[in-house]
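Welcome! Have a look at the structure, then start.

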Amino acid sequence: VARLEKAWLDSNGALDWVAATLIDSPEAWEARPQKFKTPYEFVVSTMRALSGDPSDLTSATRALSGLGQGQAGPTSPEGWPDTAGDWATPDAIIKRMYWVEDLAVERGPFLDPHAVAGEVLGPMLSVEGAEAVKRAQNRAEGLAILLMSPEFQRR
Amino acid sequence: MSPLDSTRRAFLAAAAGLLLTPLSARAAYAAVGPKKLIVLICRGGMDGLSVVPPIGDPSYRALRGAIALGGFGEPGGALPLDSVFGLHPSLSFCHGLAQQSQLRVAPSVSTPERSRSHFQSQDVLEAGTAKRAAGVGWLNRTLTALGAAAPSAISVGRQSPLILRGPAPSASWSPGHAATEMGDVGYVLQDLYRNDPLLAPALARGLETEIRARIATRPTGPGRSSGFGETRIGAVGAGPAIKLACRMGLHSNWAKPSAD
C-alpha cells in the first residue's frame with residue numbers, strides 16, 4: 001500500500017501509473033496462495049474439493065454460521081471484514097478443524113486424499129503438506145489434513 | 001497349550017484363513033463358546049524391524065547399522081521369541097505373554113498390495129482380499145459365515161471401519177466427540193503450521209483454549225468417560241461378542257514412523 005501511495009503522490013495522481021505499480025509489485029506475481037480464505041471461500045472450496053452436492057444448501061449455510069459468516073449476518077454495516085487478522089482467529093482455526101474433521105469422516109470412505117490433493121492443490125501443496133497427507137492414518141485424516149493445510153486455507 | 005487355546009486358535013485360524021467355510025467357522029465357534037473377540041486396529045506406521053527385530057538373521061546387524069538392536073542376552077538387547085525373531089526390549093510385558101503362549105506375532109507378512117498407498121494397504125488388510133472388493137470387510141464376512149449362530153458385533157468409532165462393513169448387521173458406538181478414527185489432526189497441524197506466522201500462533205492459542213474449556217466443562221462422577229481408555233462397553237456378560245476398536249498412533253519414541 002505504501003508503494004501505491006508513493007506512486008500516486010509521485011505521479012500527481014495518475015491512475016495508470018498507480019495501476020502499473022500495482023501490477024509490478026512482487027506480491028501480485030507470487031504464485032503461492034497468499035490470502036486467508038473467508039469462511040465463505042473456505043466452505044465453498046471445501047465442498048468442491050470433496051465433490052459435495054451443490055444443492056445441499058442446508059449443510060453449507062449451517063457451516064457458514066458455525067464458522068462465523070452466517071448468511072446476511074455481518075455485525076457491521078461495512079459488511080464482512082477482509083483481512084486475515086479478522087478471520088484467522090484461534091477459535092476460527094479450531095472451528096474449521098472440527099468442521100473439516102466431521103466432513104472428512106463422512107466423506108472419507110469415498111475419496112482418496114492423494115487424488116483430492118492432486119486435483120485441488122497439485123504442485124501448490126507444500127512437500128511437508130503432501131507428506132503429512134500421505135502419512136495420515138486413514139482416508140478421513142488425510143482429507144482433514146489436506147483441507148487444513150496452510151495452502152488450502154489460503155487462496 | 002491348554003485345550004481352550006487350541007479351540008480358540010482353531011476358531012481364529014478358521015476365521016482368518018482362506019478356508020473359511022460356513023461349516024468350519026460354525027463348528028469352531030460352537031467349540032469356543034460364549035467368548036468375545038476384540039479386534040484392535042492400530043493404524044499408523046510402525047517400524048516392524050524394531051518391534052520384532054530378526055536378530056538371528058545374519059544380515060540384520062549389517063543392514064540395520066547404528067539402529068540395530070542388541071542381540072539376545074546382551075544388556076538392553078532384544079527379547080527372544082525364537083531363534084530368529086525377538087521383541088524390542090521395551091516390550092517385556094508382551095514378551096511375558098508370548099512365553100505363556102498368549103501372544104502371537106506374525107512378522108514378515110505382506111499383502112499383494114504394492115501401490116505404497118497407506119490407505120489402499122489398510123483397505124486390503126481390512127477387506128481380507130487382494131482388492132477392495134465392494135467394501136465388505138472380513139469380519140463382516142465372518143458374521144455372515146456364522147449364520148444364525150453369529151454373535152452381535154459392535155465397532156467403536158464414529159464410522160464402521162471397512163473390516164466390519166458389509167451386509168451382516170453390526171452396531172457402532174463412539175464416546176462423545178472423540179473421533180476415534182481421526183488421529184490428532186491438531187498435533188499434525190502444529191507441525192505443518194510451524195513456519196506459518198499467521199496460522200501457527202492462532203492454532204496454538206486455539207488448542208490451548210480448547211483444552212482449558214474441556215477441563216472446565218468435564219463432567220465428574222462415575223459416569224464420566226474421557227475417551228477410549230476409560231470406556232467400558234460390554235464389560236459385563238451380555239455385551240456384543242465381537243468388538244472392534246480403532247486406536248490411532250502407534251508411533252512410539254522407539255518405533256520410527258515409516259515413510260508410508
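Axes here are lines fitted to C-alpha atoms, for helices over the stretch in contact, and angles run from 0 to 180 degrees between N-to-C directions. Keep in mind that this is a predicted model.

**Exercise 1.** Describe how α1(A) and α2(A) pack against each other.

*Solution.* 
- Step 1: Helix α1 (residues 2-10) of chain A and helix α2 (residues 15-24) of chain A have axes 8 Å apart, at an angle of about 155°.
- Step 2: Angles over 145 degrees count as roughly antiparallel, so α1(A) is roughly antiparallel to α2(A).
- Step 3: The crossing of α1(A) past α2(A) is right-handed.
- Step 4: From α1(A) come A:R3, A:L4, A:A7 and A:W8, which meet A:L15, A:W17, A:V18, A:T21 and A:L22 of α2(A).
- Step 5: Sorted by type, the residues of this contact are 7 nonpolar, 1 polar and 1 charged.

**Exercise 2.** Find which aromatic rings are linked into a cluster.

*Solution.* 
- Step 1: The whole structure holds 2 aromatic pairs over all chains.
- Step 2: In one pair, the ring centres of A:F42 and A:W99 are 5.7 Å apart with planes at 70°, so this pair is edge-to-face.
- Step 3: A:F42 sits in helix α4 (residues 39-49) of chain A and A:W99 in helix α7 (residues 90-107) of chain A, so the pair ties together parts 57 residues apart in sequence.
- Step 4: The rings of A:F42 and A:F152 have centres 6.3 Å apart and planes at 70°, so they too are edge-to-face.

Key. Residues numbered from 1 in each chain as written. Chains lettered and ligands numbered in written order. Predicted model: local features only at pLDDT ≥ 70, side-chain atom pairs only at ≥ 80, totals over all residues. Heavy atoms only, no water. Helix = DSSP H or I, 4+ residues; strand = E, 2+ residues; numbered from the N terminus. Parallel < 35°, antiparallel > 145°, perpendicular 65-115°, else oblique. Left-handed = near helix turned anticlockwise from the far one by under 90°. Contact = heavy atoms within 4.5 Å. Nonpolar A, V, L, I, M, F, W, Y, C, P; charged D, E, K, R; others polar. Phe/Tyr/Trp six-rings, centres within 6.5 Å; stacked < 30°, edge-to-face > 60°.
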